[in-house]
Amino acid sequence: MEDASQSDVVIDLQRDLARKYRTHGARLRQLWPAMPPAQREMAMKAGTPDGVVLEHPRDASMGNVYKLMPEWNLRDITATGSDFLLRMIEHRATNSLGEQYITGLDGGPGDHDLIMEMMCTRNLRHIQSFPNCLTLFMPGDDYGQSYELRKDKDATLAALKPAIDAGVCVPQSVGELILMRQIYLLQCLNIMIEDILDVASTTRSQQERPQRSPDAAAGALSRLSIKPSTSKLDLPALLDIALDQKASLDDTLVLICTEPVVLSHLLNNWFFSRPELVADEKGRRLPAHTDKFISGAFLDTIHNAVRGAAIWNYMCRLLELLKTSTAKPQRETILQEISNVCHFEYTRVQGILKRQMSIAAGVQWFRRVSNTFDNGNARIILKGKPETLAAGDQQLHCLLRLCQAEVTASKAVDWLTQLDELHSKTPKKRDDLCEGEINAVGDLAVIVAFIQSLTPAISMPAFSRKKGQRFVTGAAELEAELNQVKPGLDLCDFAVPIDNLLEPGMADAALKAFDQFIIEKTGTKIGLLYLDLIDDCMSKLHEDLEAQTRQEAARETNKETEYTPFPPEPPKGPEVRVQERRQKEKTRPAHSSVYEITSTDLQAAAAAPAPPPPPEPFKVKPATAEVFSTLFGRAKSRKSVSWANFEAALAELGFSVIPKFGSVFTFFPPEGMAIQKPLTLHRPHQSRIEGYLLLVFSRRLSRLYGWGEETFQTS
């Protein structure tokens with residue numbers, strides 16, 4: 001996979017627009033005439049980074065923009081009764097790029113003639129001269145390709161004379177301007193369609209942003225008992241922590257696959273944080289609105305959720321096995337596996353933090369290595385030295401340090417602690433971060449705190465690249481396999497634009513199509529790929545432990561034997577692997593995976609027994625009742641809950657808390673509660689629980705404690 005050229009991008013954008021128009025054209029023709037000028041203006045400005053658009057065709061306030069795309073202006077597009085936008089979309093969606101190059105809307109100047117006019121009358125010029133380079137605008141996949149004349153220049157120009165005379169072969173300095181015009185206009189139109197559907201649609205699930213309620217719990221922390229962090233936890237307590245994290249990730253996966261608003265939100269984040277959007281060493285980046293990457297981002301969204309849940313599932317099974325193992329050699333084997341899985345999880349979430357930082361707070365500190373990939377993912381690296389920020393931007397300094405490959409989990413403790421201290425002194429600094437960064441820091445804090453607790457409790461060995469690598473190697477192979485098939489996935493009929501998933505039935509249809517694609521390409525479902533990996537690793541681990549036990553018994557009877565680990569199986573070819581999975585699928589019981597991703601299959605997972613509700617409702621203050629009513633209510637547009645109010649509500653119920661690096665909080669129920677399981681939650685962005693997070697928090701409370709809206713009554 002190579003970096004896309006300008007010509008590749010313009011072809012993709014025109015294809016995207018044509019598909020959107022075929023799918024949503026009738027809806028657009030219905031919605032746009034009903035939108036008043038103010039709403040039209042809002043839709044136009046929503047698609048720009050700073051909400052700035054040309055006021056009229058000769059508005060020079062945006063520099064050369066009025067020379068490249070004068071028709072993209074508020075006056076002509078938003079006027080009452082104007083159908084100019086609809087005609088522009090139809091023209092760009094239904095005519096080929098070659099036709100648009102020659103002829104414009106309503107028979108006006110095409111893109112070539114308009115750029116030539118701007119060069120002659122308004123001194124439009126490209127910043128580069130491109131000597132001895134020509135651009136050809138011929139129909140087909142080579143449209144907009146540029147070439148350098150290196151030898152036989154006169155003969156080549158003579159051969160190209162018919163194309164030059166026809167105006168389809170131009171100097172590259174002109175060709176680049178024409179491509180810029182087409183790319184900018186097509187991107188604006190693609191975005192505009194999405195914004196019209198978003199602003200004017202009345203059928204989308206959860207389309208309205210929740211309304212905020214005023215804070216009613218000042219000083220909530222003073223009422224919430226802060227438990228001192230225990231210096232050393234025992235193995236059952238560590239298992240409870242791992243089980244809680246596993247339950248959290250399992251619940252998130254279920255919500256992704258059953259609540260369109262959650263799927264849409266996370267897909268948007270994954271799509272707009274793609275490494276391809278990071279500038280490479282030459283400053284090149286792909287445009288954000290190229291729809292062909294949405295399907296790949298969909299796969300990554302589901303895969304990341306399944307992968308995280310599977311890692312913690314395996315972690316829990318290893319800890320369970322450790323509880324029943326007493327012999328030193330067996331424990332050492334299990335501990336090495338645990339150590340390597342912890343390192344693997346730390347590397348996974350550190351990569352997500354790097355991904356989020358590279359398109360937000362740390363955008364100037366990362367670059368993409370062109371045409372270089374890690375397991376199919378574009379490689380991004382830190383540039384510069386973060387230590388130069390030590391005396392300046394302390395928040396950015398800490399975050400960049402956490403992104404460094406040489407910063408291990410043990411070293412990350414110091415940087416997370418410094419970040420927590422900074423946020424305690426200056427809470428507004430935390431609010432400067434975007435939601436993706438906050439969530440990534442929270443995920444990193446979870447695994448760092450877990451490793452910090454594990455190390456003294458079980459004498460965990462250091463990470464090893466030679467021993468205990470079975471799960472890590474298998475997971476890396478699955479990632480490579482899924483990345484290899486990813487380019488063939490096409491969910492554009494359901495997920496373009498992304499918020500089309502909020503329309504009735506679209507998310508479910510997309511998940512079913514995704515499921516079928518993965519089965520076709522790999523032989524089974526994505527969740528079963530990981531469940532089979534876990535089962536296989538546990539089976540092989542048991543075999544290793546049994547062999548060690550036999551060796552110990554032989555030693556006791558003075559028989560000289562030496563334990564030899566089972567050799568790794570030779571790698572299987574892709575076709576053999578897929579065929580074996582298909583055969584296994586025939587004998588697999590229904591609903592055998594907790595990681596199903598379609599709503600039909602999830603009915604079994606969602607129906608897993610939850611704790612019974614408390615025998616009597618809790619009598620609480622009105623403010624606390626309002627918190628839980630907001631969390632558990634199913635109204636289409638719900639209020640938000642401040643973090644302080646949520647803490648105050650749990651404080652009234654008698655919960656205590658252990659904060660972990662300021663981003664993650666573990667709440668412990670009072671001794672009188674029937675269920676004595678801890679609850680670990682991330683403090684959300686802007687310290688407000690809203691939107692899809694209401695679903696996340698309510699599901700966690702329901703699945704752990706059996707709570708619902710009827711559990712709380714005003715005293």
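1. Ile294 is buried, with a relative accessible area of 2%. Because buried means under 20% relative accessible area, this value places Ile294 in that class. The model described here is a predicted one.

2. Ile294 belongs to helix H14, which covers residues 292–323. Leaving aside residues up to four places away in sequence, Ile294 touches Leu267, Phe271, Ala495, Val496 and Ile498. Ile294 and Cys492 are separated by 198 residues in sequence, yet their C-alpha atoms are 7.5 Å apart in space.

3. Is Gln336 buried or exposed? Gln336 counts as buried, because its relative accessibility is 9%. With residues up to four places away in sequence not counted, the contacts of Gln336 are Pro461, Ala462, Phe463, Ser464 and Lys467.

4. The model also contains an open sheet of 3 strands, arranged in the order S2-S1-S3 with antiparallel pairing. Strand S2 (145–148) and strand S3 (169–171) stand at the edges and have a single partner strand each, so one side of each is left without a neighbour in the sheet. On average, neighbouring strands of this sheet are turned by 30° against each other, direction ignored.

5. The pairing of S1 with S2 deserves a separate remark. Strand S1 comprises residues 133–136 and pairs with S2 in the antiparallel sense over 4 bridges. Which residue in S2 stands opposite Leu134? The residue in that position is Tyr147.

Note on methods:
Residues are numbered from 1 along each chain as its sequence is written. This is a predicted model: local features need pLDDT of at least 70, side-chain atom pairs count only at pLDDT 80 or more; totals for chains, interfaces and linings use all residues. Side-chain values use heavy atoms; hydrogens and water are left out. Two strands pair if DSSP finds at least two bridges between them. Helices (H or I, at least four residues) and strands (E, at least two) are DSSP runs, numbered from the N terminus. Axes are lines fitted to C-alpha atoms, for helices over the stretch in contact, and angles run from 0 to 180 degrees between N-to-C directions. Buried means under 20% relative accessible area, exposed over 50%, partly exposed in between (1.4 Å probe, protein chains only). Contact means heavy atoms within 4.5 Å.
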